[in-house]
Amino acid sequence: MAKATLLILKLLMILICAGWFTLWILKPTKLWTKKWHTAEESARTSVFGYYGLNFVVYTFPVIALAAIGFVYLDLQSRESRRRQARSSASVLSNPLVVNSYLGVISALEILAVFLFFLFLAWTFYAHISNDFEKMVPTKSLKSFSNISNAGKKMTPSDSLKLNTRQFKFLRVATRFGLLAKACLALLLLPVLRGMALFRVLGIQFEASVRYHVWLGTAMIFFATFHGVSTLIVWGMKDKILDEMWKWQKTGRIYLAGEIALVTGLVIWITSLPPIRRKRFEIFYYTHHLYIIFLLFFLLHAGDRHFYMVFGGVFLFGLDKLLRIIQSIPQTCILSARVFPCKAIELVIPKDPRLKYNPTSTIFVKIPSISRFQWHSFSITSSSNIDDDTMSVIIKCGGKWTNSLSDIINAELDSDSNQMKCIPIAIEGPYGPASLDFLSYDSIVMVAGGVGITPFLSILQEITSTQSSIRYRFPTRIHLIHIVKKSQDISLLNPISHLLVNQSAEKWRLKLKVFVTQEEESGATIRDLLNEFCQVQVVNFSTKCSSDAAHGVENLLWMAAMAGISSVTFLVFLSSLNHAFLPSQEKSSKQKNPSWVADILVICSFIIAILCSTMVAIVLKWRKLRREIPAVSEKEGRAKDGFMDTRSTALDEHEIIHFGGRPNFQDIFTNLSKETGGSDIGVLVCGPESMKESVASICRLTTSQCCNKGDGQKRRSNFSFHSLNFTL
């Protein structure tokens, strides 16, 4: 029954998605323009008006897709996690292009990008061909702000006299604005966290951020061409100052478009890697200008165009407020462990019923450092082992992390008997809906520096489920840890007991460590663990907060919130339009300013989100009163860093390698021989250059596997999976 329901929901999502994309494809055509104009005229006499029709047709499919996706994920999570055979589509998810600028791109991603640009080309061609076909030869052509798209011929006007070449250039610039709108329709979907649509596809938030970057770059390019080209045409007629400051009563508002473009450029420039990595605060705060950008985009484009991008905006606004509610009330840091490599492990209390999959991430805000900044970190603990706490490891290197390090070191050096209390707000955890990426007989984990953190949770999860028949994980694991200094090996401390006490009957873990910036010293893994795994521990008070982290809300609850919010929006939109924009006869000379309808959209959206927020707050308050247990200081006492390394299990691991990077070609060749031609999962987390090196090897071995003859011995197929620990 459950499988049939999942199949029905999947088919329903495919139909909705296909229907929504079909609307975008048909919209530039004459047939759609004619039929849609007739439908809007008929809808004007209905209760919800033309605005209700636009919302239901263009916006609601995205919201419905999210709601159905949440139900699908909820049912899927209740199914027993069994090992599934890899589908043929997994070949398409392997690296196809490995480039230092573009990164690692799979065949599926290339196909998606190709289809999207094909759609953009079709949209541009259909619009521009219609524009040129309707053009009337004359010495004076009308301003593009007054051109009708309802199939009427373009007649002369004295507002802006253009020759044929200037007019065509202006139409090209205008249609580039529609391409920017298409990018904006998808821009916010990849950065949804709680209401993440990409989870249905098995893509996590930290991985889908790259699609947000691609779409944002494309949108800014099209919008800049649209704006600059329009200014050039105005300049040809010496009308720049006259046109650019116009705030029209009807039609496009030029000034609003200019403000939106400048705001978008500021956001894009400050998000470039050199600024984002070195001046994170600038990137973080300027990104909140998206509110101004969206507001003035609405005023410039009008409500009819805005409904086409409103689905992502609606879900993003709801997701943002629900995440704020989730982070309230704050909890506190129970303890911290300071590693020799300038890394800190924080232990945070959680609800014992909160379960999460390995490789999950949380967003952390510490008000004593910054009241607004949130930073993401991979969870290193397993919810099957630690019922009351979860842990994250933070590598200190930036302004925010160094401030945290100073607070903890100050407490560590303090002689006071009174422990300090550090409040902390938690958002998440956000993790994969399934563990299909672990469904291999053997896996290789390649970690660079602090990129070891998601693998710590995987290894602990595998250990905790070895006796369960529901969970089937790899029995052969190769962990390759690449660090700059030997003291970075202390990051292995959370799994040191696994290295010492692993069970050869259940699974086998083999560790290789490469220290790239130190010369050969002859030290073994045992020697380095003894030297560097002695960590300092500091415990904190819990007096400032007795609440534990409780995680994100139930998926069914989020689906209901999405549905309730959309209905509330439609009801208030209809009510406000009937109150402030009574229907007018076409012959009436008195027309309401077009921006009034835009303001009503904003007001309806705010009211709908606030109503949903109030419902969420009430439900959250009742949940906290009845269910969430209080935090106990004893449960968060961190263990010391002592480890007994006398076990002979450490002898099975290879001697540490100094003074160079690993030769992945040789390593993967040996693994292929050891595993006898089986499929091997390759998980990589670390610097981009390291990911590209591993991806190149996986691509090479996959192509060799596909091109082998029937008489040749089967070679292992390496399936590449990238894990991100920074955004």
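**Ground rules.** I number residues from 1 along each chain as its sequence is written, and side-chain values use heavy atoms, with hydrogens and water left out. In this predicted model, local features need pLDDT of at least 70 and side-chain atom pairs count only at pLDDT 80 or more, while totals for chains, interfaces and linings use all residues.

**Helices.** I took helices (H or I, at least four residues) and strands (E, at least two) as DSSP runs, numbered from the N terminus. I looked up helix 7, residues 205-236. Helix 7 has 32 residues and reaches 46 Å from its first C-alpha to its last. That is close to the expected 46 Å, where the expected span is 1.5 Å times one less than the number of residues. Asp238 follows helix 7 and has a positive phi, near 55 degrees.

I then checked Thr174, which sits in helix 6 (residues 164-187). A polar atom of the Thr174 side chain lies 2.9 Å from the backbone oxygen of Leu170. Thr174 is buried, at 13% relative accessible area. My terms are buried under 20%, exposed over 50% and partly exposed in between (1.4 Å probe, protein chains only).

I found an open sheet of four strands in the order 3-9-6-7, with antiparallel pairing. Strand 3 (331-332) and strand 7 (375-378) are at the edges with a single partner strand each, so one side of each has no neighbour in the sheet. Two strands pair if DSSP finds at least two bridges between them. Strand 6 (residues 361-365) and strand 7 are antiparallel over four bridges. Val364 has His375 in strand 7 as its bridge partner.

**Aromatic rings.** I noted 33 aromatic pairs in the structure. Rings of Phe, Tyr and Trp (its six-membered ring) pair if their centres lie within 6.5 Å; planes under 30 degrees apart are stacked, over 60 edge-to-face, and the rest tilted. Phe297 and Phe306 have ring centres 6.3 Å apart and planes at 45 degrees, so this pair is tilted. Phe297 is buried at 12%, and Phe306 is buried at 5%. Phe363 and Tyr430 have centres 6.2 Å apart and planes at 65 degrees, so they are edge-to-face. Phe363 lies in strand 6 and Tyr430 in strand 9 (residues 423-430), so the pair ties together parts 67 residues apart in sequence. Both Phe363 and Tyr430 are buried. I also listed a cluster linked by ring pairs, including Phe55, Phe293, Phe297 and Phe306.

**Charges.** A charge sits over a ring if NZ of Lys or CZ of Arg is within 6 Å of the ring centre and within 35 degrees of the ring normal. Arg193 lies over the face of Phe363, 3.7 Å from the ring centre. Lys168 lies over the face of Phe132, at 5.2 Å.

I counted 14 salt bridges, each a side-chain nitrogen of Lys or Arg within 4 Å of a carboxyl oxygen of Asp or Glu. Arg193 forms one with Glu427, with closest N and O atoms 2.6 Å apart. Arg193 is in the loop between helix 6 and helix 7, Glu427 is in strand 9, and 234 residues separate them. Arg193 and Glu427 are buried. Lys355 and Asp387 meet in another salt bridge, at 3.7 Å. Lys355 is partly exposed at 47%, and Asp387 is partly exposed at 38%. Salt bridges with shared partners join Arg193, Asp319, Arg323 and Glu427 into one network.

How values were computed. Polar contact = N/O pair within 3.5 Å; in protein donor to acceptor, adjacent residues only side chain to side chain.
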